Amino acid sequence: MALENPDTWETIPAAAFDAAMAPYRLPPGARIAVAVSGGADSMALVLLLSSWAASRDIFLHALTVDHCLRDNAAVEAAQVEEWLAARKVPHSILRWEGGVQVREVASSPQDAARNARYDLMTEWCADNDCSHLFVAHHADDQVETFLMRLARGSGVDGLAAMAPGSTRGGLTMARPLLGFAKTQLIGVCRANGQRWLEDPSNEDAASTRVRFRQAQELLEREGFTRHRLLMTVRHLQRAKVALDHAVTAFLGRACTFDGCGVVRASVASLVETPEEVGLRSLSRVLTIVGGSTYGPRFERLEGLYQRAVRGPWRDATLHGCMVVRDGSDLVFCREAAKIAADQHISMNKAVIWDGRFRMSLGPVGGLRANGSFILSPLTRAVWRTLREENASSPLEGMWPRVRETLPVFFDSSGLAAVPHAAFVRPNLKDHVRPRAELTSVFRSSLPNRGVTTKMVHSE
């Protein structure tokens, strides 16, 4: 895009960006990534972050996803790489191999691309020990998100729109630009002599977000100014924080979890707590236990809540979880059938498996550092193999439906390790150290009281 040189153009002062970055509390030596599509928003963000990180001894790496939805997507990714190389910003291009097929068959390829883009970048960050992924959502995006959710009849959480920080697969998704307008981001690019790319989909009226964007002039005339709408969002965000505190307090007194990702919740406590807090608490438990980014649909959540507090109860599956009644408790565990396909892992790398466990495999001795393994769930067939190898497994007596949701390592020779069973194949014991720990999201969201998963159910 050709650059203009107006006499004045609103930009983002360094002090204002410093203030926006302060809540993330990144220490010297931290490793962070930034998503860069090549548009004015993301180019402004990488410029701001590059200067900010350099002055604080923080490692910054830019990521661009070649989504293959347009014929020139690869050319655009290469252009971003050229721009960032000139500014000495480390950069990687991640290719979404499924993009070509998706654009031919999907009714909304942008939605599929968005999910794939975040999955690719989240996996890259896990492989490269990056704690935060910065994205360039700004104040105009926030207003559009609010209006879209208002049109859908969303509640407090939806209308609170985007938070400055959220989590995805154990990674912090950071949005430091929510307080700045699009015009300011363009100003940053122009002030730095930085060109940018224009995405034609941003003008496609078939997109709901684009239609809301195009309606802004009419809304402004009727008093729905950006400032007023952002103030409404901030009010709702404060209400959401208060409700989140109430949920955290409820979970602290009514729930327990263990190292296998099983949660118990007191039905009596659920009955006694306000309905809104109870619904939100169930939603948070289901989201965490199911390894999800987003909560369940409200209609099904409300049905589960009503059966729990008013009856009659019946065991259920919801949002990738099994929910059963065990005495005076509800017990939540991952639904084994919903666990995705096998996942590769290399030595000295950490990955998030099934959204629940942070998995790693470190060398102890002579095993080559580039060894390759596969992560799979502990199926019944694997359990039979494990019992042949280790008859006194600590998983003996565990409810099979919980056991089948735990991760195991395979290599070319077969079953290699089962961290929850403290099992490593004899010929690997002196060479590898497998680890499986619940993600930080899980551990920070619920109290751990060492609850057992040896439940009364049997199969």
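Tutor: Helices α11 and α13 are roughly perpendicular to each other, because their packing angle of about 70° falls in the 65 to 115 range that counts as such. Keep in mind that this is a predicted model. On the α11 side, the contact is made by L243, D244, A246, V247, T248, F250 and L251. Helix α13 answers with E276, V277, R280, S281, R284 and V285. Sort that contact by class and you get seven nonpolar, two polar and four charged residues.

Now for another helix, α15 (residues 380-389), whose buried residues are V382, W383 and L386. Looking down the axis of α15, these fall within an arc of 100°, so they line one face of the helix. Turned away from that buried side are the exposed residues R384 and E388. What do the buried residues of α15 pack against? Their partners are the strands β15 (372-377), β16 (407-411), β17 (414-418) and β18 (423-424), along with helix α16 (400-403).

Strands also build an open sheet of three, in the order β13-β14-β19, with antiparallel pairing. Its edges are β13 (350-353) and β19 (432-438), each pairing on one side only, and the twist averages 20° from one strand to the next. Zooming in, seven bridges join β14 (residues 357-363) to β19; as for L361, its bridge partner in β19 is P434.

Terms used:
Residues are numbered from 1 along each chain as its sequence is written. This is a predicted model: local features need pLDDT of at least 70, side-chain atom pairs count only at pLDDT 80 or more; totals for chains, interfaces and linings use all residues. Side-chain values use heavy atoms; hydrogens and water are left out. Two strands pair if DSSP finds at least two bridges between them. Helices (H or I, at least four residues) and strands (E, at least two) are DSSP runs, numbered from the N terminus. Axes are lines fitted to C-alpha atoms, for helices over the stretch in contact, and angles run from 0 to 180 degrees between N-to-C directions. Angles under 35 degrees count as roughly parallel, over 145 as roughly antiparallel, 65 to 115 as roughly perpendicular and the rest as oblique. Contact means heavy atoms within 4.5 Å. Ala, Val, Leu, Ile, Met, Phe, Trp, Tyr, Cys and Pro count as nonpolar, Asp, Glu, Lys and Arg as charged, and the others, Gly among them, as polar. Buried means under 20% relative accessible area, exposed over 50%, partly exposed in between (1.4 Å probe, protein chains only). The arc is that of the directions from the helix axis to the C-beta atoms.
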